Amino acid sequence: MRRRAWGWTAVTAALVAALLGPLYWAVLSSLTPEPRLFAAPGLVPRALVLTHYRALFEDHDFWVPVANSLIVAGTTTVVSVVLGALCAYATARLRFRGKAPILAFVLAVSMFPQIAIVSPLYMVLRAAGLLNTYPGLVLPYLSFAMPLTIWLLDGYFRQLPLDLEEAALVDGAGRLRTLKEIVLPLAWPGLATTAILTFLYSWNEFLFALSFTLGPERYTVPVAIALFRGQYQVPWGQILAGAVVATVPVAAVVMVAQRRITAGLTSGAVKG
Amino acid sequence: MRRLVAACVLASAGCTSVSDRVLTFSGSVVGRESEVIRRQLDRFQRAHPSIRVAVRATPDAADQRHQLYVQWLNARASEPDILQLDVVWTPEFAAAGWIANLDRFRPPGHEFFAPAIAAAQWNGSVYALPWFVDVGMLYWRTDLVPHAPRDLRELSELAARARDDRRVPFGLVWQGARYEGLVTVFLEYLGAFGGRVLDERGGVALESEPAQRAVAAMFDAIYRDRIVPAAVLTWQEEQTRFAFQNGQAVFMRNWPYAYALLQEPASGVAGRFAVAPMPAAPGGTPTATLGGSALAVNAHSDQPDDAYRLVDYLLQPEQMIERARIAGELPTRPALYGTRELEAAMTMPPADALAIIEHATPRPVTPVYSQLSEILQVSLHRALTRQQMPREALREAAAAMRALLARAKLDPPT
Amino acid sequence: MSPASAPPPAPASWRRHEARLAWAFVLPALGLVATVAVFPIAWTVWESLHLHDLRMPWLGRPFVGVANYVEAAGDRRLWSAVGHTGLFAVLTVSLELTGGLVLALGLDRLRRAAGLVRTAVLLPWALPTVVAALIWRFIFESPAGLATAMATRAGLEAPTWFADAVAAWVPLVLADVWKTTPFVAILLLAGLQAIDPALSEAAAVDGAGPWRRFTGITLPLLRPALLVACLFRTLDALRVFDLVYVMTGGGPGTATEPIALYTFSTLLQNLRFGFGAALSVLVFVAAFGLASLAIRVMGGDAFLERRS
């Protein structure tokens, strides 16, 4: 019995090491001076420097993409959670015809391949003068954020206990008031989870950001790192430093909210 | 009294904001180029107090800058007013009506290198002016090899011998990643055998004997003679420079920018190398692919005259020499070569540079050059990574190019 | 909805009021989705019927009917891209399901530090794909990256990874498996934890060994979760873009180019909007068709059933 338990622990430990190993290597390399980057690799660092991070922020103004990502992801999250909660409350609790088609529609949209809507969105944004602007990114982001929030919150609202709502309704409170004063406070864990997942997906998004921004002043973090190239070269030290910086907020969110994230992922069998 | 002063200040502020013309300049502002351009723009603004120049940053990689330009110009943006164009973009932008015809300013075309000004023309008119010139050249280790190779076969022999005798890992390195650089290298091999991509009528000449031999030469250099490492197929300019700089290669094909960097104290080969044109096949003439940049004026600019004034300023000999000194970029005025000023400004001996520029060959001058290049990049890379036989790859490339030219209605009249 | 949780019946006027309120709640969200997702699809279809090349404005934008689709059907590069996408999907999904299952089984048995391990495990999943791609590209750089160094130390000759049409798949698949196995593991873990341990204990009492118990009880009960994971991961693998764009750019040559990357380079690098729109439509139809098929196979009403 005990042997089997040790066996599983070993396997799990090996897998966890395999998952964290590359991250460790990346962080280590981002602190290694350039000439030693491709020298004989060792697990234990010999010299640690901050030059890459300094170059990243001083020479390349990495604050700009970080700010852009925060603004775009934040706005997308707020808009999609608010509107999504409204819509999900209706599909979860109110009675009307058209619920199933709406949910089927939402599920269908969540399966759209992004590449299929890139070019028309590009043309529309260009005509509206919204290329390389914040709204020009938030609007396309809503195309995947809204189905996500609606689907997740619908599932969440459905499994909230009904009694408090029913009591309020019987007492004569309107639907809107019920929503505001009773349901939302109860639902805040689900709202938080949804917000976290939406923020993560928006922060990590690449294709739309690559297509709809035109210059470094509006690049988001993933785009800035991917396009991080001098005229002739690939500065690995700085790229890895950028990668680490891009990971920090994500890692922080995961550490704080891993339970919520797990619950959110499994509740709606969300697209990975 | 204070109110009077305030009123004057306000009035003058109002005045300057009305008569201030702002030009937007878009180009490469990375590293030393940034220093040069800012100095020169400052001087220009001091000489022309009513004009302000703003610099609009663009990505440093050429293909990204190209994509950005196409998006802006296709949307008929009036800014930027002045664009730094890669030498191959001029016909494309001219044919699309995105850059202004400069003939009315009577630009002094004869003052620039002939191939450079030829590459800046379309349909007989001048659409851009050559700013700095780049040519592909062969860097060779003077301490490992007695003299520059006189032809490709000698290059092979010298490289193999030096590699074996002196235990240098690589004989020759060039840029072989799937990008424009690969095409520039190929064109030098192609020219070495006397071939061309497009013939005089504008038809595709890629299935010719010279083209086959050129690809075969590149292929054999990697897999048969083993003087070129397979790793080059993922390398761009800097990776080849690092290899040469660390003493790992006997020969390197690269652009002039590397010269100054290789002479720095930290370099492992400082003082032990020289440059020569890429050699031709026995009996042929050497080819140096023409690179560099030109300056053009946005066709939809609100201030074309001011824009041309800035272009003209940046192309003056004084500015070119400063650019050579700080950024290591070669002037496009033949008259400057042989002057003491340029000699003092450049790390590379101007005479050596001039000897190579004499062999400069522009890439095919056609509005669809970028698309042709993409087809060629894919086919060449497939052939060189052994996914396809070279003959087959060239055949496919030629067919795709013909289809492209037909689609663009640029195919030669039959 | 079970009767116990249904709200009490209401008069007709109240129901009409409720319906109107519901639509008021629903329309802003739906309207946005329709604008940014559905309307563009309609536009793409219309665009695919035209010749529209932004780099050749002298050609105009004429209506050409199905000419773009005909070109696509004969386009060798497109069919290669389809093959690459399929290969990528098969390799990654099979590895992720296996790895995810093993990891889930291991996580299930954790007594201590479950939270810490879950955090560690979620990190690769939560990263931007771009970051994962760059990290693995760095590891597999030639000639002196970590992978080559390790191979050399083991006495093997490492290929120039990204210059070899076959070897380039190794870092690609590894990076994707590394990043998404955690997601699969979490899904399967939830399924595992929903299995009643009494069943397993009863089987043990009856003399069934651990493997027998696994294949006879655990796997069958895990089937729904496995199918969900398989469906979502397959759909995502078919849409792969970020990873390949950053890691190989589709190279060497076009040996690793998936269909999303080919469509992207046609649209936004080559600026051939008409032809690119036709490719987009084909991708859309394929993704949609596969998704519908999969949902039907999985007994998809189950999906929506619990929702209405």
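In β9(B), W140(B) has F251(B) as its bridge partner. The model is predicted: local features need pLDDT of at least 70, side-chain atom pairs count only at pLDDT 80 or more, and totals for chains, interfaces and linings use all residues. Residues are numbered from 1 along each chain as its sequence is written, while chains are lettered from A and ligands numbered from 1 in the order in which they are written.

**The sheet of chain B**

- Strands β7 (residues 137-141) and β9 (residues 249-254) of chain B pair in the antiparallel sense over four bridges; strands pair if DSSP finds at least two bridges between them.
- Helices (H or I, at least four residues) and strands (E, at least two) are DSSP runs, numbered from the N terminus.
- The open sheet has four strands in the order β8-β9-β7-β10 (chain B), with mixed pairing.
- Its edge strands, β8 (170-173) and β10 (273-276) of chain B, each pair on one side only.
- Helix α9 (residues 237-245) of chain B packs on the sheet and touches β7, β8 and β9 of chain B, and its direction makes about 155° with that of β9(B).
- Angles run from 0 to 180 degrees between N-to-C directions, and axes are lines fitted to C-alpha atoms, for helices over the stretch in contact.

**A helix pair in chain C**

- Helix α3 (residues 76-108) and helix α9 (residues 210-238) of chain C pack at an angle of about 145°, with their axes 9 Å apart.
- Among the residues that meet are F88(C) and L97(C) in α3(C), and L226(C) and R233(C) in α9(C); contact requires C-beta atoms, placed from the backbone, to lie within 7 Å.
- The contact of α3(C) with α9(C) comprises nine nonpolar, four polar and two charged residues.
- Ala, Val, Leu, Ile, Met, Phe, Trp, Tyr, Cys and Pro count as nonpolar, Asp, Glu, Lys and Arg as charged, and the others, Gly among them, as polar.

**Contacts between chains**

- Chain C contributes 85 residues and chain A 80 residues to their contact.
- Helix α1 (residues 12-47) of chain C supplies 20 residues, the largest share of the side of chain C that touches chain A.
- That side of chain C divides into 63 nonpolar, twelve polar and ten charged residues.
- The contact of chain C with chain B takes 22 residues from chain C and 20 residues from chain B.
- On the side of chain C that touches chain B, there are twelve nonpolar, eight polar and two charged residues.

**Around I225(A)**

- Not counting residues up to four places away in sequence, I225(A) touches I239(A), G242(A), A243(A), A246(A), V130(C), V131(C) and L134(C).

Technical notes:
Two residues are in contact if their C-beta atoms, placed from the backbone, lie within 7 Å.
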